[in-house]
Structure formats: C-alpha cells, structure tokens
Amino acid sequence: MKSKTINPKYIEWRSPEEMHEIALTWISELKFIKDEQHFLDELLESFSLQMLSDKNFQKSKTVINGLSDKRKAIEPMLKKIINHHNKLTILMDGIDQLEEEKEYKEENRLLYLEVTEYLNEYKDVKRQVFDLIKTIMKHTKQKRLLK
C-alpha cells in the first residue's frame, strides 16, 4: 500500500504561531521515530537467523536497506528543521523584510513537502518490517506445529 503524495499547490499559508507548533511537532515525531528505529533494529536482530533463509533473504535485505536509508536521513532532517525553526524570528520581529520573509515561507513549504514525504516513506518501511516479521513468525509456528 503506497502512501498518498501531496499536491504542493494546496499547501495553505500558516501564521508564525502555527509554523512554530508544526516545527515542534515535526521535531517530536522525528525524535520518536529515532527511538522507534532502535526498537525495529532489535526486532529484526532477534529474527536474523530466519531472515537469512532463502525464502526471506531478498525481502529482508530490501527491508533492512530501506530502514537504514531512513535512519541515515533522519539526523540531517532534524538539523534542517531546528535551523528553520530558529529562523522563525524573521516573521515575528515586526521588521518588514519582504525578501527574507518570502524566502522563509518558500523554505517552509519545501520543508513541509520533504517531511511529509519522509514520514510517508517511513510508514511504508515500518509496515514492510512488520509484514516480514509476521511472515517469519507464521512460518516458524507452522514448522513447530508440524514437528
């Protein structure tokens, strides 16, 4: 199941207060995902022998590579969001800096698209991890019942 993509034409303008809340939400979600990735790594590690079987190897490799790619992308994205959040004062300082404000809003729009895409892709990878583990557990249970 593929996640929905966002049409960038329909991203509404938000107030500085809303942008602040959204940035804090993104930071919180990404920090949670970092913790969740540790859990997924340990889960995959506990089933590593079963993942090496011929039946599961290719799918396991794809899932592990996808999770690894998401893990590598999270830290730079967190830094980008924190830096962007710190620049929010451009909109709130009361000084008319039209060019900087326009630039900030465009950066916010692009960041919104990037974070949304990352979250959707991460959900897909997480779903693949659980599908793989579910398949392995079913197969292991069937073997045990046959004995």
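The following conversation goes through a predicted model and asks how some of its descriptions are reached.

User: Why are helix 1 and helix 3 called roughly antiparallel?

Analyst: The axes of helix 1, residues 16-46, and helix 3, residues 57-86, come within 10 Å and cross at roughly 155°. Angles over 145 degrees count as roughly antiparallel, and helix 1 and helix 3 are therefore given that description. Their crossing is left-handed, and the residues of the contact divide into 15 nonpolar, three polar and six charged.

User: What makes Glu 75 and Lys 34 a salt bridge?

Analyst: The N to O distance between the side chains of Glu 75 and Lys 34 is 2.7 Å, and a salt bridge requires a side-chain nitrogen of Lys or Arg within 4 Å of a carboxyl oxygen of Asp or Glu, so the pair meets the definition. The pair links distant parts of the chain, since Glu 75 lies in helix 3 and Lys 34 in helix 1, 41 residues apart. The structure holds eight salt bridges, and this pair is one of them.

User: Are Glu 75 and Lys 34 buried or exposed, or something in between?

Analyst: Buried means under 20% relative accessible area and exposed means over 50%, with partly exposed in between. Glu 75 has a relative accessibility of 33%, so Glu 75 counts as partly exposed, and Lys 34, with 28%, is partly exposed too.

User: How do you know that Glu 36 and Lys 126 form a salt bridge, and which parts of the chain does the pair tie together?

Analyst: The closest N and O atoms of Glu 36 and Lys 126 are 3.0 Å apart, which is within the 4 Å cut-off, so the pair is counted as a salt bridge. Glu 36 lies in helix 1 and Lys 126 in helix 5, residues 98-146, so the pair ties together parts that are 90 residues apart in sequence.

User: What can be said in the same way about Glu 114 and Lys 80?

Analyst: Glu 114 forms a salt bridge with Lys 80, the closest N and O atoms being 3.0 Å apart. Glu 114 is in helix 5 and Lys 80 in helix 3, 34 residues apart, and the pair thus links distant parts of the chain. Glu 114 has a relative accessible area of 29%, so Glu 114 is partly exposed, and Lys 80, with 37%, is partly exposed as well.

User: Why is Lys 79 called exposed, whereas Ser 28 is called partly exposed?

Analyst: Lys 79, which is found in helix 3, has a relative accessible area of 52%, and because exposed means over 50%, Lys 79 is exposed. Ser 28, which is found in helix 1, has 47%, a value in between the two cut-offs, so Ser 28 is partly exposed. In space, Lys 79 and Ile 27 are 9.2 Å apart, C-alpha to C-alpha, although 52 residues apart in sequence, while Ser 28 and Leu 78 are 9.6 Å apart and 50 residues apart in sequence.

User: How much of the protein is buried, and which residues touch the most other members of the largest nonpolar core?

Analyst: Buried residues make up 33% of the 147 residues in the protein. The largest nonpolar core has 28 residues, and Leu 30, Ile 33, Leu 44, Ile 81, Val 115 and Tyr 118 touch the most other members. Helix 1, helix 3 and helix 5 are the elements that give two or more residues to this core, and the largest share, twelve residues, comes from helix 5.

Technical notes. Residues numbered from 1 in each chain as written. Predicted model: local features only at pLDDT ≥ 70, side-chain atom pairs only at ≥ 80, totals over all residues. Heavy atoms only, no water. Axes fitted to C-alpha atoms, helices over the stretch in contact; angles between N-to-C directions. Helix = DSSP H or I, 4+ residues; strand = E, 2+ residues; numbered from the N terminus. Parallel < 35°, antiparallel > 145°, perpendicular 65-115°, else oblique. Left-handed = near helix turned anticlockwise from the far one by under 90°. Nonpolar A, V, L, I, M, F, W, Y, C, P; charged D, E, K, R; others polar. Buried < 20%, exposed > 50% of the residue type's maximum accessible area, 1.4 Å probe, protein only. Core = buried A, V, L, I, M, F, W, Y, C linked by side-chain atoms within 4.5 Å.
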